[in-house]
Every structure is written in C-alpha cells, then in structure tokens.
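This report describes a protein chain together with its ligand.

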Amino acid sequence: MTRFPIEEFTSLQTPFYFYDLKLLERTLKEIKRTARDPRFKIHYAIKANANPGILRSIQAAGLGVDCVSGWEIEAATEAGFRGDRIVYAGVGKSDNEIRLGLDMDIECFNVESEPELRIINELASEKNKIAKVAIRVNPNIDAHTHAYITTGLAENKFGITIEQLPEIIAIARELPCVELRGLHFHIGSQITETEPFVMLCETINRLQDEYDKIGVSFATINVGGGLGIDYAHPERHPIPDFESYFMTFHNHLKLRSGQELHFELGRSIVAQCGSLITKVLYIKEGSTKRFAIVDAGMSDLIRPALYNAHHKIENITNPNDDLHHYDVVGPICESSDCFGQGELLPCIKRGDLLALRSAGAYGEIMASRYNCRPFPHSYFSEN
Ligand SMILES: *Cc1c(COP(=O)(O)O)cnc(C)c1O
C-alpha cells in the first residue's frame with residue numbers, strides 16, 4: 001500500500017508527482033518471477049514515463065527499453081541502457097533519429113513502412129553497418145468485439161498489413177544493409193482481458209506456419225505491450241496480473257526453436273507507483289454542484305481531458321471525514337480541465353491535499369506548459 005508522508009508534503013510546492021519506489025521494485029520483481037521463461041525478454045516502453053529516478057530502477061532490474069523517438073533513445077542511454085537492449089518503433093523516424101540508432105548499434109528497428117525500410121538500408125550503408133530490423137505487422141484484430149484496441153486495426157497509420165507483409169519481407173531479405181530479425185506487433189493499450197492477446201498469438205501462429213512453408217524464419221517475435229491496470233482500485237490491485245499475462249503467451253504462442261519472445265510493457269510497470277499530489281484552492285458552491293478547485297490541471301495530467309480517463313481521487317489530508325459530492329476541477333481555462341464529476345470524497349477544505357492515483361504512466365511525461373504553467377516537480381518515497 002502506498003503511504004503518503006503528509007507531514008513532508010506540506011512543505012513542498014504543489015502540484016507534484018510522487019513515486020512509490022518500493023511498489024515499483026515489487027512490480028519489477030513480480031515481472032522477473034512471472035516472466036521466468038528464458039526465451040522471454042522484457043523491454044520497458046519508455047514513453048510511459050522517462051523520469052530518471054524511475055528509469056534507474058528499471059535499468060537496474062535488467063530490462064531492455066522500447067523507444068519511439070531518438071530523444072527517447074538519448075534518455076535511455078543516459079539512464080544506462082545499452083544500445084543492444086534498445087528497440088525502436090515509430091511511423092515517422094527522421095534520418096537523424098535513424099542515424100542515432102545506427103550509431104548506438106540498437107537491438108532492433110521496428111520498421112513501419114517500405115520507404116522507411118529502404119531509408120534505414122541507405123543510412124546503414126553510409127555507415128558501413130547492418131541494421132537489425134523487424135517488420136511491424138498490423139494484425140487487424142476485430143474492432144467490434146474489442147473496441148478498446150486502437151492500434152491493431154486495419155486502417156491506421158501503424159505497421160504493415162498482413163496482405164503487404166510478403167512483399168516487404170522479400171525486400172528486407174534483398175536489401176544488403178538490413179538484417180531481418182523478426183516480426184513486431186502492438187495491438188493497443190489498457191487491455192484488461194485475455195482474449196485479444198490470445199487472438200494475437202493465433203495470428204502469429206498462422207503467420208509463422210505460412211512462412212515456415214517458404215523457408216522464412218524469424219529470430220524474434222515481439223508482441224508489444226498493452227497490459228492494462230486497475231484504475232478504479234489501485235490499492236486492491238497495485239501490481240497487474242503478470243502471471244496470467246505471460247502464461248497466455250506461454251500457452252498459446254508456438255515459438256520456434258531458438259526463438260526469443262519480446263515484450264514491450266509501459267503502463268503496467270509504472271502506472272500504479274505514481275500519484276499526482278495537488279492542493280485544494282477553493283470550495284465553490286454552485287447552484288446544483290459543489291466544486292473542489294485544485295492547483296493541478298490538465299497541463300500536469302492530461303489523461304482525463306484527452307482520453308476521458310478517470311484517476312481515483314483521495315483526500316489524503318482528511319481521509320476519514322464525512323463523505324460529500326464534488327466536481328474536482330483544475331485552474332486551466334478549458335472545461336475539459338476536470339478530474340472527476342460527482343466524486344464522493346471525505347469533506348474537502350481549502351488547503352487539503354488530494355492524490356490522483358495510478359498516474360505513473362502517461363502522466364508526468366505528457367505534461368505541458370499550457371497557460372504558461374511550470375512543469376510539475378517529482379519526488380520519491382524514501383525507501
Ligand atoms: C506505447 C507502446 C507500448 C507500450 O504500451 P503500454 O500500453 O503502455 O504497455 C509498446 N510498444 C509500442 C510500439 C508502443 O507504441
């Protein structure tokens with residue numbers, strides 16, 4: 001259970017992110033325990049949170065890293081990740097970002113289009129290098145049964161369709177300065193059911209069977225990330241069910257001999273260890289509503305405004321007072337700057353501190369300076 005050192009918090013400038021490093025350590029330990037199949041290799045999707053204090057723990061735990069920009073490669077390198085543990089995806093890799101990846105001798109470029117493949121070959125050739133590549137496949141997993149999957153559908157910008165795959169594989173095998181290592185998939189985010197991952201395994205099995213027949217084999221299969229977390233009950237489920245997640249792939253995916261299975265987990269590693277701590281500025285009585293106006297806004301945590309997401313809100317100053325209904329809103333001049341409507345919370349007074357829970361992923365990293373507000377600071381639990 002995350003403990004908030006309220007006494008220490010009162011001297012800190014709000015809003016700020018607070019990270020429970022003990023929980024992060026426990027989460028990383030649980031991943032190590034449940035991903036014990038030696039063929040499994042875990043990469044951390046750094047786009048979820050690139051705070052150096054967070055990266056240090058993840059790097060020390062022996063994970064690799066999944067980047068989606070050259071700047072993320074730089075942040076990962078600064079945090080001590082070696083080039084040969086960096087994989088790099090993204091539909092719009094610039095020439096300079098590709099050159100950086102080549103200079104770092106990264107583990108794999110996850111290629112998202114034919115022209116990108118040709119440019120990687122060209123830039124690798126200029127450096128007399130062979131770039132390791134995987135083809136990102138868009139597996140077209142049924143949208144209607146799984147509406148929450150947003151990146152694995154046929155018509156979006158990510159990856160190569162299964163129909164176009166044979167052609168791009170043939171090109172990759174011909175180009176002299178790329179080495180085709182594998183296939184890459186990433187079907188979406190905040191997936192809390194097993195079924196989409198089972199469907200992904202079945203798609204991969206089918207593809208591998210087809211390629212076996214024509215003598216094409218892959219050293220690695222990368223199934224991306226997407227494992228969801230429990231935003232409603234961060235205390236009940238502080239660590240996601242990694243056991244059944246990895247078991248799904250263990251049971252359903254038919255790996256070939258010597259093949260490695262790569263994962264790219266972001267949210268499930270860091271979301272629950274972070275909270276955004278904010279101070280209540282005013283209680284405003286409307287005609288039908290009561291507003292708690294806080295000093296954090298969508299510039300600090302944009303997920304509610306951007307995705308209609310909900311973070312559990314706690315009054316950590318007065319956790320045991322009588323319950324009342326509040327709309328918890330930020331100071332920014334947008335009506336979407338709202339963290340919760342009709343929230344049932346222990347009586348809130350000016351100066352109380354609230355915690356917006358499960359904010360460790362896609363929180364601090366997505367902060368902006370909208371309204372000329374400063375970026376939020378971050379603090380870590382002592383142990
Ligand atoms: C965002 C992303 C991930 C991580 O997704 P989570 O839902 O945070 O686990 C993994 N792989 C790629 C290619 C991504 O873009």
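**Ligand shell**

The shell around the ligand comprises 3 nonpolar, 6 polar and 5 charged residues; here Ala, Val, Leu, Ile, Met, Phe, Trp, Tyr, Cys and Pro count as nonpolar, Asp, Glu, Lys and Arg as charged, and the others, Gly among them, as polar. In total, 14 residues surround the ligand, and the closest are Lys47, Ser189, Glu264, Arg267 and Tyr362.

The model is predicted: local features need pLDDT of at least 70 and side-chain atom pairs count only at pLDDT 80 or more, whereas totals for chains, interfaces and linings use all residues. Residues are numbered from 1 along each chain as its sequence is written, and side-chain values use heavy atoms, with hydrogens and water left out.

**Polar contacts and burial**

A polar side-chain atom of Ser189 is 2.3 Å from an oxygen atom of the ligand. The side chain of Asp66 places an N or O atom 3.2 Å from a nitrogen atom of the ligand. At Gly266, a polar backbone atom lies 3.0 Å from an oxygen atom of the ligand. The protein buries 95% of the 390 Å² that the ligand exposes when taken alone, with areas from the Shrake-Rupley method and a 1.4 Å probe.

**Overall fold**

The chain contains 11 helices and 17 strands, assigned as DSSP runs (helices H or I, at least four residues; strands E, at least two) and numbered from the N terminus. The C-alpha atoms fill a box of roughly 70 × 40 × 40 Å along the principal axes.

**Backbone geometry**

Most residues other than glycine have a negative phi, and most peptide bonds are trans. The peptide bond from Thr14 to Pro15 is cis, with omega near -10 degrees. Pro15 lies in the loop between α1 (6-9) and β1 (16-19).

Asp105 is not a glycine, yet has a positive phi of about 50 degrees. The loop that holds Asp105 runs between α5 (95-103) and β5 (108-111).

Key:
Near = heavy atom within 4 Å. Polar contact = N/O pair within 3.5 Å; in protein donor to acceptor, adjacent residues only side chain to side chain.
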